[in-house]
Amino acid sequence: ERFAERRQRLRNPLARWVFSVVFAADLMWPYVVRTRRALAAGNVVVCDRHICDALVDYALFTGTDSANPPLALKVLHTLIPRPQVAVLLDVEPADALRRKPEEGTTEHLETARRMFLDLATARRMVIMGAGSPAADIHRDVARTALDEFYARYSTVINWLLRSNPGQMNARDSAL
């Protein structure tokens, strides 16, 4: 009901435009300012939510296509730092509804899941099933992020250690 009511209110193109500007402006602080500030300070930044979440939320609120966002969200997308690793946790709609019953119906969650999977595929994100225990998911996300970090972290010492056949931290070992 909540989404149907919002969609009804946002049928008017002017209302949708105003909503898109306010929605993008609200996300400017966490997605652009805080993230860039943390990166500039030399921190590794892990974002629980990112632009795909905003694109799917906007599309669900307005009944539009997540692959074709309004100008305000395109500007936001241009300003945010690009992630070196992007992971989508694929949750079955029935499981998501058990965790958060206020989300609506499985139909609504199926639509959101399709949008997320389409965006993840188009953006070459790592897609991980969320049906595993939390510890396994944490390990897999950490392994993926660290693999990407070390692939970009090139120093002479790092190169020498990677070429050492007797090293203790072989790439294919479990975390």
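**Entry 1: R139 and its partners**

I looked up R139 and found a salt bridge to D136, with the closest N and O atoms 3.3 Å apart. I count a salt bridge when a side-chain nitrogen of Lys or Arg lies within 4 Å of a carboxyl oxygen of Asp or Glu. This is a predicted model, in which local features need pLDDT of at least 70 and side-chain atom pairs pLDDT 80 or more, while totals for chains, interfaces and linings use all residues. Residues are numbered from 1 along each chain as its sequence is written, and side-chain values use heavy atoms, with hydrogens and water left out.

Both R139 and D136 sit in helix 7 (residues 134–152), 3 residues apart, which is about one turn of the helix. I take helices (H or I, at least four residues) and strands (E, at least two) as DSSP runs, numbered from the N terminus. R139 also meets D140 in a salt bridge, at 3.3 Å from N to O.

I then checked accessibility, where buried is under 20% relative accessible area, exposed is over 50%, and partly exposed is in between (1.4 Å probe, protein chains only). R139 is partly exposed at 33%. D136 is partly exposed at 28%, and D140 likewise counts as partly exposed at 32%.

**Entry 2: E92 and R113**

How many salt bridges does the rule give? The count is 7. One of them joins E92 to R113, with the closest N and O atoms 3.3 Å apart. This pair links distant parts of the chain: E92 is in the loop between strand 1 (87–90) and helix 5 (93–99), R113 is in helix 6 (residues 106–122), and the two are 21 residues apart. E92 is partly exposed, at a relative accessible area of 41%.

**Entry 3: the strands**

I went on to strand 1. Its covered face holds L88 and D90, and its uncovered face holds V87 and L89. Strand 1 pairs with strand 2 (residues 126–129) in the parallel sense over 4 bridges; two strands pair if DSSP finds at least two bridges between them. I noted that V87 has V126 of strand 2 as its bridge partner.

**Entry 4: helix packing**

Two packed helices are described by the angle between their axes and the distance between the axes. I used axes fitted as lines to C-alpha atoms, for helices over the stretch in contact, with angles from 0 to 180 degrees between N-to-C directions.

Helix 1 (residues 2–9) packs on helix 3 (residues 51–62) at about 80°, with the axes 7 Å apart. The two are therefore roughly perpendicular, the word for 65 to 115 degrees; under 35 is roughly parallel, over 145 roughly antiparallel, and the rest oblique. F3, R6 and R7 of helix 1 make the contact with A59, L60, F61 and T62 of helix 3, contact meaning heavy atoms within 4.5 Å.

The axes of helix 2 (residues 13–40) and helix 4 (residues 71–79) come within 9 Å and cross at roughly 5°. Helix 2 and helix 4 are therefore roughly parallel. On helix 2 the contact residues include F23, L27 and Y31, and on helix 4 they are A72, L73, L76 and L79.

**Entry 5: the whole chain**

I listed 8 helices and 2 strands, in the order α-α-α-α-β-α-α-β-α-α along the sequence. Of the 175 residues, 25% count as buried. Among contacts with a separation of 6 or more, 67% come from residues 24 or more positions apart.
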